[in-house]
Amino acid sequence: MNTLLPNENESSDNAPSFNDNEINSAIPVSKWNKISWVWNYWDKEIQEVNDVSHQVIVCKVTDTSDSTPCRKIYLKSSGSTGNAITHLRNKHDITKEGKIDKVC
């Protein structure tokens with residue numbers, strides 16, 4: 001016995017079908033084209049470690065005293081930006097709102 005889920009219609013091949021409005025409402029909009037502010041400060045690259053290719057992110061923030069790029073590397077994971085955000089805040093005083101002004 002085939003039981004249809006809510007908002008499903010049975011097609012001619014007995015596979016459930018959805019109309020466009022139902023499909024679009026089933027996927028949260030926040031998951032589409034999600035672009036974080038952190039990617040302004042990081043490059044995505046492929047690097048080899050022990051003959052194995054890995055996707056990595058590389059910090060491209062330059063130190064103003066000698067114009068040397070940071071080049072901190074993290075393995076690229078499932079899209080989480082937590083390590084990248086923490087690095088920018090702790091090492092470069094950068095947040096989503098911009099550079100942090102330190103008061104001594």
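Which residues does His87 touch, not counting residues up to four places away in sequence? The list is Trp42, Cys59, Cys70, Lys72, Tyr74 and His92. A touch, or contact, means heavy atoms within 4.5 Å.

## The model

This is a predicted model, in which local features need pLDDT of at least 70 and side-chain atom pairs count only at pLDDT 80 or more, while totals for chains, interfaces and linings use all residues. Residues are numbered from 1 along each chain as its sequence is written, and side-chain values use heavy atoms, with hydrogens and water left out.

## Overall layout

The protein chain has 2 helices and 7 strands. Both kinds of element are DSSP runs, numbered from the N terminus: helices are H or I with at least four residues, strands are E with at least two. From the N terminus on, the order is β-β-α-β-β-β-α-β-β.

The protein chain has 104 residues, and 16% of them count as buried. Buried means under 20% relative accessible area, exposed means over 50%, and partly exposed lies in between (1.4 Å probe, protein chains only). Take the contacts in the protein chain with a separation of 6 or more: residues 24 or more positions apart account for 27% of them.

## The sheet and its helix

An open sheet is built from 3 strands in the order β3-β4-β5, with antiparallel pairing. Two strands pair if DSSP finds at least two bridges between them. At the edges lie β3 (42-49) and β5 (73-75), each pairing on one side only. From one strand to the next, the twist averages 40 degrees.

Helix α2 (residues 82-92) packs on this sheet and touches β3, β4 and β5. Its direction makes about 40 degrees with that of β4. Axes are lines fitted to C-alpha atoms, for helices over the stretch in contact, and angles run from 0 to 180 degrees between N-to-C directions.

Now look at one strand pair. Strand β4 (residues 52-59) runs antiparallel to β3, and 8 bridges join the two. Glu45 stands opposite Val56 in β4.

## Rings and charges

There are 2 aromatic pairs. Rings of Phe, Tyr and Trp (its six-membered ring) pair if their centres lie within 6.5 Å; planes under 30 degrees apart count as stacked, over 60 as edge-to-face and the rest as tilted. Trp37 and Tyr41 form an edge-to-face pair, 6.2 Å centre to centre with 80 degrees between the planes. Tyr41 is partly exposed, at 24% relative accessible area.

Why is the pair of Trp42 and Tyr74 tilted? Their planes stand at 50 degrees, so the pair gets that label; the ring centres are 5.7 Å apart. Trp42 lies in strand β3 and Tyr74 in strand β5, so the pair ties together parts 32 residues apart in sequence. Trp42 is buried, at 2% relative accessibility.

Two lysines sit over rings. The charged end of Lys44 is over the ring of Trp39, 4.6 Å from its centre. The charged end of Lys72 is over the ring of Tyr74, 5.1 Å from its centre. The rule asks for NZ of Lys or CZ of Arg within 6 Å of the ring centre and within 35 degrees of the ring normal.

## Around His87

His87 lies in helix α2. Is His87 buried or exposed? At 6% relative accessibility, His87 counts as buried.

Two of its contacts are Cys59 and Cys70. Cys59 is buried at 1% relative accessibility, while Cys70 is partly exposed at 30%. A disulfide is a pair of cysteine sulfur atoms within 2.5 Å. The whole structure has 0 disulfides.
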